[in-house]
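Hi,

Here is the structure I promised to pass on. Have a look first, and my notes follow below.

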Amino acid sequence: MNGNLKLAVQSKGRLTDKSLELLKHCGLDIEDYSERLFIPAGNFSMDILFLRDDDIPEYVQDGVADIGIVGENIFLEKQTQTKILEKLGFGRCSLLIAHPEKTKLKDVKDIEGKTIATSYPVILKSFLKKEKINAKVIELSGSVEIAPSLGVADLICDIVSSGNTLMQNKLKGSFKVFDSQAVLIGSVKNSLPETKRKILSDLLLRIRSVLTARNSKYLMMNIPKSSLNKITGIIPSLKSPTVLNLADDKMLAVHAVIPSDKFWAIVDDLKTAGASGILLLPIENMIL
Ligand code: ATP
Ligand code: MG
């Protein structure tokens, strides 16, 4: 026991690379982890444990790891005494109910009396209860998508991102049970000692700054002085934009931090209002 905060990350899977990439963006020095069960972060009081994603909630609950990164789907399904500390914005996917292309499923009530194969019985049963539907749930640990063609189930309920697996198995997604993304979880059973709490709050500050920066861009442009009011009215800025004088005294430079997804919606209006030399730059880190 070295007093370091212990973070559990999926050992080999869809969340591994993005989890490590996020930690590297947080300024953590992480070596090549291949095939290792445990690595310390070079410049931060944290050790990374590589585990199967299914085991992470329980390990965090019991204090084997202090915190962990898992899909919200696993977090919900495992029903452990853990809580979400932060949603991480990657590993996005949906839990869907899907049916064979040949059968018809129009209304959610059409699920009544059907047999559904899934690896997520807890989440599915709570969805069925909420919708007041009686259906038989069969739990399978993997390859759920082949259950209808084997005659094991009428429908499936599984995690989907692109929909390719469904298509390959001649299935169609019909009802969304919920949207998932990677989350950072912590125990609600074990409280951390003061030293670890401090490391965790430092890590959370860094994670939040990286996530805010990922969702923001730095917008720069030149405008005619006369358009200033119009332009500042268009910019969905987080704070008041920066306005700078230019050598040409009829012109100004305007800089602002904007939500990344708003850029294309405003670019035409900016041009119409007289903006030129519009630049959009990525932001590495942002502390609000
Ligand atoms: P492990 O060996 O650790 O148990 P696994 O095979 O159960 O791994 P992966 O397929 O690597 O799990 O998926 C890990 C997580 O990635 C899922 O729980 C889910 O949150 C997320 N995810 C994102 N897109 C998809 C997808 N298309 N299919 C499955 N999971 C996805
Ligand atoms: Mg798993």
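A word on domains before anything else: their bounds come from an automatic or database domain assignment. On that basis the protein splits into domain 1 (5-90 + 182-213), domain 2 (93-180) and domain 3 (217-282). Between the C-alpha centres of domain 2 and domain 3 there are 48 Å.

Some housekeeping: this is a predicted model, where local features need pLDDT of at least 70 and side-chain atom pairs count only at pLDDT 80 or more, while totals for chains, interfaces and linings use all residues. Residues are numbered from 1 along each chain as its sequence is written, chains are lettered from A and ligands numbered from 1 in the order in which they are written, and side-chain values use heavy atoms, with hydrogens and water left out.

Now the ligand. Where does ligand 1 lie relative to domain 1 and domain 2? Both domains give residues to its shell, so ligand 1 lies between them. That shell has 14 residues, with Gln10, Asp53, Asp54, Asn73 and Ser161 the closest (near means a heavy atom within 4 Å). By class, the shell holds 4 nonpolar residues (Ala, Val, Leu, Ile, Met, Phe, Trp, Tyr, Cys and Pro), 4 charged ones (Asp, Glu, Lys and Arg) and 6 polar ones (the others, Gly among them).

As for individual atom pairs, oxygen atoms of ligand 1 come 2.7 Å from a side-chain N or O atom of Asp53 and 2.9 Å from one of Gln10. On the nitrogen side, an atom of ligand 1 is 2.6 Å from an N or O atom in the Ser161 side chain.

Cheers

Technical notes
Polar contact = N/O pair within 3.5 Å; in protein donor to acceptor, adjacent residues only side chain to side chain.
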